[in-house]
Amino acid sequence: PYFVDFRDVWLAYNDELLAQNHFAVEAIDLQVKTGEFIAIVGPSGCGKSTFMKLATGLRMPSMGKILIDGQPVTGPLKISGMAFQSPSLLPWRTTVDNVLLPLEIVEPHRSQFKTKRKEYEARARHLLQKVGLGGYEDKFPWQLSGGMQQRASICRALIHEPQMLLLDEPFGALDAFTREELWCILRDLHAEQQFNVILVTHDLRESVFLADTVYVMSKSPGRFVVRRDIAFPRP
Ligand code: ADP
Ligand code: ADP
């Protein structure tokens, strides 16, 4: 069974572009097995971010079908966690309060969040320990380095125990040493918890180090195609 199933998916960003047959992604057929870690590499403008928007239900396809966990996607999904190149922590919240944010939003009633707050906070602190942020839980973002903020943003993406983690160039802004340390942390978290990961990156080495399967998205004139047949063995 596939967790993510793209069947001949096309997206034009608006009706005008659709009328001109101008698609941001074309004919994407891609299946991700439950628990699989995939990476997508490709040049700027080939459609990687568009793919992410489709996989989280932030955009609906113009043509084709997307199933997540067997269900057709009809709107934004709560089952996913996201992290981007910039950690974008809220500056007026401590590290632990930033990490708790998705739970605050996902809980239907504020009062429910309050009653479970202790349990959630313990989970957040545990996760922060794991990524090496023990001792920084109650600091503010400006008291943390860029790498530390990025660690916190990965914790924030995982706090609600998502079935799918979407990472868009999350290590792009980090120095080589911090980057490789975070690769190992992410690999361990994935091995332990078996969520699905879709990683977008420009770093081929990163994709090969982390992913079970690497997809190369290409940009031929006016066309955006996912090639499914390129997979590297893991080191
Ligand atoms: P990547 O993430 O690989 O750089 P994108 O998915 O951002 O690529 O872009 C794919 C194509 O869709 C590009 O031609 C881009 O110009 C176009 N595009 C992206 N976002 C929009 C938008 N909001 N409206 C119209 N066109 C867009
Ligand atoms: P960078 O993002 O600058 O590469 P790292 O996240 O790799 O930094 O952090 C390297 C180490 O330096 C951390 O483990 C921490 O001990 C220390 N460090 C970095 N910035 C700070 C800071 N603002 N306050 C305290 N310690 C810091």
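Trainee: What should the 18 residues of helix 6 span, and how far apart are its end C-alpha atoms?

Mentor: Quick ground rules: this is a predicted model, where local features need pLDDT of at least 70, side-chain atom pairs need 80 or more, and totals for chains, interfaces and linings use all residues. Numbering starts from 1 along each chain as written, chains are lettered from A and ligands numbered from 1 in written order, and side-chain values use heavy atoms, without hydrogens and water. Helix 6 covers residues 176-193 (helices are DSSP runs of H or I, at least four residues, and strands are runs of E, at least two, numbered from the N terminus).

Trainee: Which side-chain contact to an oxygen atom of ligand 2 does T178 make, and at what distance?

Mentor: T178 is one of the buried residues of helix 6 (under 20% relative accessible area, 1.4 Å probe, protein chains only). T178 and D175 are both among the residues surrounding ligand 2 (a heavy atom within 4 Å). From T178, a polar side-chain atom reaches an oxygen atom of ligand 2 at 2.9 Å.

Trainee: Which helix gives the largest share of the shell around ligand 2?

Mentor: The shell divides into three nonpolar, five polar and two charged residues. Four residues come from one element, helix 5.

Definitions and conventions. Expected span 1.5 Å × (residues − 1). Buried < 20%, exposed > 50% of the residue type's maximum accessible area, 1.4 Å probe, protein only. Polar contact = N/O pair within 3.5 Å; in protein donor to acceptor, adjacent residues only side chain to side chain. Nonpolar A, V, L, I, M, F, W, Y, C, P; charged D, E, K, R; others polar.
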